[in-house]
Amino acid sequence: MICRFVFCVLLTHSLVLTLPTFAADHRALLVGAPAPAGTHAAPLSGVEKDTAAVRRHLMQTGSFAEHQITLLQGHEATRARVSQALRDLRKGTTGGDRLFFYFSGYGAAAESNTNHWEELALVLSDSRTEGGGDLALAEVKQLLAESTGAAGSVTLIIDAGFGHMPAGAFPSKALDRMPGRGEVANGTPPGAGAPRWVVCTTRGNHRAVDTPSGGAFTRALLEVLNQQPKGVSVAALQEPLHTALKAFGMKPLLEGDLDQRLFQPVQQNAAAYPAGSWRVTEVRDKTHLELTGPPAAGFSVGARLKVLDGTRPNQVKGTLRITRIQGTRAVAAVAREGKGAPVRVDDRAVLELPGDDVFLVGYRLQRGGLGAVSPEFVEALRAALRTTALGRLVKEVERGWVFEIQEHADGTVHLVDEQGQTRFRFQAGFRAAPEKAAKEMALRLSAFARIRGFAALKGDGGTLLQDHVSLQVRAVQNPHDPLDCARGVWPEQPPNGHQQIPLCFQWHVSVSLVDGEVETLAVGGILAGSDGSLYGFPSDGSRVLLRKGQTYTFTSDPFISGPPFKQKGHLFVFGSMPDNHVNWSNLTTSLQHGAKNAGSDLERVLRGYLARDSNTGKDGFYQENRWTLSKVSFEVIPNGGVTVEEFFSSIEKKKAR
């Protein structure tokens, strides 16, 4: 039997419950299951809106931060994943922690051999497939009790439905396994240490009123709560919910500790951990530390994490490297020990360098027919990748490739992207020296791996600096000493937007610092060409200081727009505190030959991305608002009647001048 019902449970006690451990001590799990696979059940159109609305409410009221909320939706809402998330929910919690579980989807009721409703259950995405099954509410309670912890507040809200449920079956059968049930049912307050909880439900079948805008119960509940931004007692929900749901034939049922307040804003700690940090849950030895936290890009095998002291959020204790990861759990090894105390349970870890999957570049070799690559070149390329920095991040594949290597009849080797565009060409003559051509191709592929890594790079957080906002970047024309083929009008480029640069124009990078709390930043950056080339600026080693409200143009580093057309390159422009500046001329050398000695904190981060396997960790204090960046894409576009031949002719004339 499958239908929809509504119920809400609030537990506030010392009972052992759990979910993925997040930064700060407040965690939420939201589950949306529109319909089980393998059935004819119509997908509930409002489930996605339900979970989004609840998530938005938790964040807007300040009850939970974004990084404290995990969402399992659609095909992700399997019995195994939800069960594991429930086990993790309260792991390592303390008496002051706040936990929240929300479900939107179908409900199911199973009748026992005694012809009584024995259990109510959640219907998940794989509940009707082999190896799946419903998740009974009694089992939810059991899963929450399996891990050690002592959360101070646990709230469960389930928006589902049991149609034509026998009167009284829900409170007397589904919840009679919860400690304190009899006391609450009799209207007496729980004794000292007994669980305090609230039940909110209806005995009506409201599946028919599920709409694309969400389920009736969730909409009504949030409408009431939105009128009480500082939280509301459960008792105060009774009358407005009754009024809102009456039109749908639904009657709310509230039982338990009615004085409990839902969704009170959390008092933010000035020494809070960075968003997205993971928590150390177990330390066996230096090679086996377990962590848990919200899934995020870059948290994968090979990722390097900076460890922050569990009692002093700004104290750096060393670095870890992830060796295994699955969902919200990871195993890591100590990459570098700090000078102070060793890593302990409750320490936090923040991403310093993403895992290998962020950098990986796949290539395919043209094996037969037109463009087939010679066996000599194939073997030379494989050998070159084994000895090239970051060569291990370049994989020969048949599927999921980014580039294809082709050998043309004119004696050139081409690196071709998925759109069939040549991104790099090795000139004729490689057959006489295949090792040289292979080494050049290996370096070029490694450069693309670095560029993929840079695309995932983010600033170090905080409230003073915002990525892609604090710095406004655009390409500007260099009017001095133009090429002979530079004709037409230079188009005005949008700040921090995609830059379209006409063929034959010389241009510079311009950056502005918006008005804000930061007075001055040291600025510089990296240009990543569509051919895999990398160039750091300013290239003269100078420190460029930019004050708020001002604009600086890197006139000492001119660029010339040349073919190929309509292939994206990228500008990565960084702004850092003046004492955290980078010598970009040294970094340019590092781009080609591997990183040398790093200087500032930002330079250490960049060195990690360039060398990938270097250990750049540093003891000391973790500080936010140290640097930010803006990423801007660009492409060269045709310029009227200017031909490619005319462009190259103009380049030769410029060299001769």
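Predicted model: local features only at pLDDT ≥ 70, side-chain atom pairs only at ≥ 80, totals over all residues.

In which strand is the place of D417? And what can you tell me about its surroundings, and about other parts of the model?

Tutor: D417 sits in strand β22, which covers residues 413–417. Is it buried or exposed? With a relative accessible area of 6%, D417 falls under the 20% cut-off, so it counts as buried. Now look at what's around it. The side chain of D417 makes a polar contact of 3.2 Å with the side chain of R423. If you skip the neighbours within four places in sequence, D417 is in contact with R423 and also with W401, V402 and F403.

Let's move on to the nonpolar residues. In soluble globular proteins, nonpolar side chains tend to be buried together. Here the largest nonpolar core has 48 residues, and L381, I405 and F574 touch the most other members. Helix α10, residues 434–455, gives the most to this core, with 10 residues. Another core, of 25 residues, lies apart from it, and W507, L513, L521 and V523 are among its members.

The buried residues of α13 are F647, S650 and I651. Down the helix axis, these buried residues fall within an arc of 105°, so they line one face of α13. What covers them includes β31, residues 559–560. On the other side of α13, you'll find E645 and A656 exposed.

Key: Residues numbered from 1 in each chain as written. Heavy atoms only, no water. Buried < 20%, exposed > 50% of the residue type's maximum accessible area, 1.4 Å probe, protein only. Helix = DSSP H or I, 4+ residues; strand = E, 2+ residues; numbered from the N terminus. Arc of directions from axis to C-beta. Contact = heavy atoms within 4.5 Å. Polar contact = N/O pair within 3.5 Å; in protein donor to acceptor, adjacent residues only side chain to side chain. Core = buried A, V, L, I, M, F, W, Y, C linked by side-chain atoms within 4.5 Å.
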